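Colleague: I am new to this structure. Please take me through its charged pairs and its rings.

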Amino acid sequence: MAATLIDSKIFGDMFSDERMRRVWSDENRTAKYLDIERALAKVQGGLGLIPKEAADEIVKNCELSMIDWDRLKAKTEQIGYPIIAVVNQINANCRDRLGEYCHWGATTQDITDTATVLQMREGLALVGQDLADISAALADLAQRHRDTPIIGRSNLQQATPITFGYKMASILAGIERHRERLTQMLPRVLTGEFGGASGTLSSLKNGAMETQAALMKELGLAQPLISWHTVRDTIAEVGAFLGLVGGSLGKIAMDIKLMMQTEVAEVFEPFAPGRGSSSTMPQKRNPISCLYIHANVSVVRQHAAALMDAMVADHERSTGPWEIEWVVLPEIFCLMSGALKQTKFVLQGLEVDARRMRANMDVTHGLVMSEAVMMGLGPFLGREYAHDLVYDLCRQALEENRPLIDILEAHPEISRHVSRAQIEALFDPINHLGQAGVMVDRVLAARRMTHGTH
């Protein structure tokens, strides 16, 4: 019986992704335990630290199909950790007591932490692919709408014209930084653990460092310079990274929600019959994916903070902080997988209404072009005086509910210097997009240079 939304038969695929749930499942976690014990036996057999016959027998019995799940559950509840329970089953399946060499020189946390790193590797690979897909969708929107004017907004008020491509490219630049962070982070965080009781490998009198090096090579992980049983910055870094990614996805969801408002109606989530409908108001088209993105990334940020609490560990083996990671790390990955999936869905099918964007720029009857007018009059009147004059005329336009251009044309100080046609040119948003297009091109070019993509 599922008790969380992540594992819910109803909500599971809305709040998470099946691929990520498999990564953090009991089956995959236990498979990783077996992978590590298999690799350890193989390496130690090759180094002559355990009999070759024992290594072969252990390797043969490190199979997930041989795990008795009821016994594993009962033993884990008895002991408090699953590793000994897994090792007991491997040992029991081996002939002639050869299984006694399983887990030779290791401690529970070595296997648990290394399994977690292997799971993180799989999970981060999925995150990386999702980020690449989101990057591609944003790049497409930025390219297609490079010159599509839309009003910029400041404090939820209309500000100055930008382009929708600029808006998308700005977010794209942040996603590209996340992809760079992921690449830089992987060598640090994909480091295994094999240190024994207090991290010094005192249990192995011979071949300790050789075992550690060969084990990590076998697993495709970096060898630690020193044990990190209670130095948990790499785990917290992964959580912080995913929290940062979540913040960017939340930004996307926030803007799209606001732009879907009836009074704005500039973009919409992809349409599907009945999607976003109300039980009482048939006309409604509610944002749906954006709501799940917002909820998921909010929880991820809180969980990322919990991983930083887990860093405050006591001495060489901790009494509780470690288990915080067991609770929150799988949830961080699973919730982020849901947010990433929903973001891809939205961006890949985003409905963009360029005509509505242009119409919304006209609702103030030209007031949003006041900066352009002020700068245009500056050479004639001085910038400060032009600012104060245009400010007063904007107030007049609001009070009289008249187009600003008519008031400007009628003002003697202005008409003395500029014609109606010149004023109309100042009011055309296309003439006042600044370097939006150039900046879009720069972001797209940098992306192509980094990834070799179009």
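Modeller: Buried means under 20% relative accessible area, exposed over 50% and partly exposed in between (1.4 Å probe, protein chains only). This is a predicted model in which local features need pLDDT of at least 70, side-chain atom pairs count only at pLDDT 80 or more, and totals for chains, interfaces and linings use all residues. Residues are numbered from 1 along each chain as its sequence is written, and side-chain values use heavy atoms, with hydrogens and water left out.

Colleague: Is D13 buried or partly exposed?

Modeller: The side chain of D13 meets that of R21 in a salt bridge, at 2.8 Å from N to O. A salt bridge here is a side-chain nitrogen of Lys or Arg within 4 Å of a carboxyl oxygen of Asp or Glu. Because the relative accessibility of D13 is 44%, D13 counts as partly exposed.

Colleague: How many salt bridges does the count come to?

Modeller: Side chains of opposite charge can pair when their charged atoms come close. By the rule of 4 Å, the count comes to 32 salt bridges.

Colleague: How many residues apart in sequence are the parts that R95 and E57 tie together?

Modeller: The side chains of R95 and E57 meet in a salt bridge of 3.4 Å, N to O. R95 lies in the loop between α6 (83–93) and α7 (108–144), and E57 in helix α4 (residues 52–61), so the parts that the pair ties together are apart in sequence by 38 residues. Helices are DSSP runs (H or I, at least four residues), numbered from the N terminus.

Colleague: Which of these is E57, buried or exposed?

Modeller: R95 has a relative accessible area of 37%, so R95 is partly exposed. E57 has 5% relative accessibility, and therefore counts as buried.

Colleague: In which helix do R420 and E424 lie?

Modeller: The side chains of R420 and E424 form a salt bridge at 3.2 Å, N to O. They are four residues apart, about one turn of the helix, and both lie in helix α18 (residues 420–427).

Colleague: Is the pair of F11 and F15 stacked or edge-to-face?

Modeller: Rings of Phe, Tyr and Trp (its six-membered ring) pair if their centres lie within 6.5 Å; planes under 30 degrees apart count as stacked, over 60 as edge-to-face and the rest as tilted. The structure holds seven aromatic pairs. For F11 and F15, the centres are 6.1 Å apart and the planes are at 70°, making the pair edge-to-face.

Colleague: Which residues form one aromatic cluster with F11?

Modeller: F15 is buried because its relative accessibility is 12%. One aromatic cluster is formed by F11 with F15 and Y292.

Notes. Helix = DSSP H or I, 4+ residues; strand = E, 2+ residues; numbered from the N terminus.
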